Amino acid sequence: MSGRVAIVTGASGGIGRVVATTYARHGAAVVVAARRAGALAQTAQLITDAGGTAHSVVADLTDETACTTVVRAALDRFGRVDTLVNNAAAPGTDAPVSEADSANWHAVLATNLVAPMTLSREVLRLAMLPARGGDIQFFSSAAARRVLPNKAHYAASKRALSALAETLALEVGPSGVRVNTVVIGAVSGDLVDGYVARTAASEGVDASVIRRRLSAGTALRRLVDPLEVAEVSAWLAGPAASAVTGQEIGVTGG
Ligand SMILES: NC(=O)c1ccc[n+]([C@@H]2O[C@H](COP(=O)([O-])OP(=O)(O)OC[C@H]3O[C@@H](n4cnc5c(N)ncnc54)[C@H](OP(=O)(O)O)[C@@H]3O)[C@@H](O)[C@H]2O)c1
């Protein structure tokens with residue numbers, strides 16, 4: 001990835017931080033974007049401490065102008081954008097549709113669907129279409145394939161990303177831009193810890209029961225490591241995946 005530039009959203013923690021550091025380890029310059037300045041600076045520091053190149057842009061991606069700012073910052077600093085990883089997302093508050101609050105729906109869709117769509121438009125217009133090449137990735141969830149009660153807002157936002165990716169792949173393929181969706185299973189980290197704690201409390205069981213259930217639902221009988229997501233994403237961004245577009249790649253443990 002030497003000489004290449006990637007934007008990774010939601011890189012202030014979780015999977016995004018691991019994706020950003022992995023891209024940097026493979027030689028890319030990485031533009032990291034999220035709202036929490038301190039946590040984002042820590043990601044950039046991890047990259048520079050390891051000898052890589054990072055540039056942080058503090059941005060709330062639900063603000064349309066912030067999406068433009070992120071792409072312009074990447075171009076100003078590095079002169080090109082080869083990959084956009086749309087990782088940032090919000091889980092929202094779990095509730096059955098019949099009882100849900102529409103402000104929650106709007107907030108989840110704004111972060112998980114409209115922001116990636118806006119950022120993709122900006123990166124296409126400003127960087128990838130003029131350069132006649134690039135790679136856009138959307139991070140979706142196994143929870144959009146095998147849906148769960150009380151998470152319709154999240155599942156709908158994530159399943160919509162696949163339709164967006166497939167449509168975009170057709171629109172921009174002739175210009176040499178590839179667009180794919182990475183479908184992620186339960187990954188060890190804060191998000192799953194929170195889900196496990198909430199579900200255990202609501203069912204009145206020990207957290208280990210919920211963890212075992214999550215693992216038992218996969219072919220590999222385990223959670224996914226964030227690095228396993230990051231390496232697939234890096235492969236997708238690289239020359240080995242040059243004919244891969246319009247696809248859903250599952251990193252779910254099966
Ligand atoms: N963890 C899992 O088990 C799992 C499973 C399936 C799919 N996924 C998907 O994988 C991706 C990463 O998940 P994760 O577990 O790493 O989530 P996470 O730990 O909750 O991190 C989400 C990131 O998104 C950023 N973000 C949220 N709203 C934002 C906004 N409005 N503007 C800018 N940045 C925003 C957050 O940063 P700030 O708070 O600093 O803005 C944070 O860095 C998501 O797309 C998620 O849906 C995760």
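## A pair one turn apart

Glutamate 122 and arginine 125 are three residues apart in helix α4, so about one helical turn separates them. Helices here are DSSP runs of H or I with at least four residues, strands are E runs of at least two, and both are numbered from the N terminus. The two side chains form a salt bridge, with their closest N and O atoms 3.7 Å apart. A salt bridge means that a side-chain nitrogen of Lys or Arg lies within 4 Å of a carboxyl oxygen of Asp or Glu. Side chains of opposite charge can pair when their charged atoms come close.

The cut-offs are under 20% for buried and over 50% for exposed, with partly exposed in between (1.4 Å probe, protein chains only).

## About the model

This is a predicted model, in which local features need pLDDT of at least 70 and side-chain atom pairs count only at pLDDT 80 or more, while totals for chains, interfaces and linings use all residues. Residues are numbered from 1 along each chain as its sequence is written, and side-chain values use heavy atoms, leaving out hydrogens and water.

How many salt bridges does the rule give? The count comes to eleven. One of them joins aspartate 82 and arginine 4, at 3.8 Å from N to O. This pair links distant parts of the chain, 78 residues apart: aspartate 82 sits in the loop between α3 (64–78) and β4 (83–86), and arginine 4 in the segment before β1 (5–9). Aspartate 82 is buried, with 9% relative accessibility, while arginine 4 is partly exposed, with 37%.

Another salt bridge brings together glutamate 228 and arginine 222, at 2.8 Å from N to O. Glutamate 228 is partly exposed at 30%, and arginine 222 is partly exposed at 36%.

## Around the ligand

Now let us look at the ligand. There are 27 residues around the ligand, and Ser12, Ile15, Arg35, Asn87 and Tyr154 come nearest. To be near, a residue needs a heavy atom within 4 Å. By class, this shell has 13 nonpolar, ten polar and four charged residues. Nonpolar covers Ala, Val, Leu, Ile, Met, Phe, Trp, Tyr, Cys and Pro; charged covers Asp, Glu, Lys and Arg; the others, Gly among them, are polar. At least two shell residues come from each of α1 (14–25), β5 (134–141), α5 (152–172) and α6 (190–203), and β5 gives the most, with three.

## Inside strand β5

Serine 141 belongs to strand β5 and is buried, with a relative accessible area of 9%. A polar atom of the serine 141 side chain lies 2.9 Å from the backbone nitrogen of alanine 143.

Key
A polar contact is a pair of N or O atoms within 3.5 Å; within protein, one must be able to donate a hydrogen and the other to accept it, and residues adjacent in sequence count only if both atoms are side-chain atoms.
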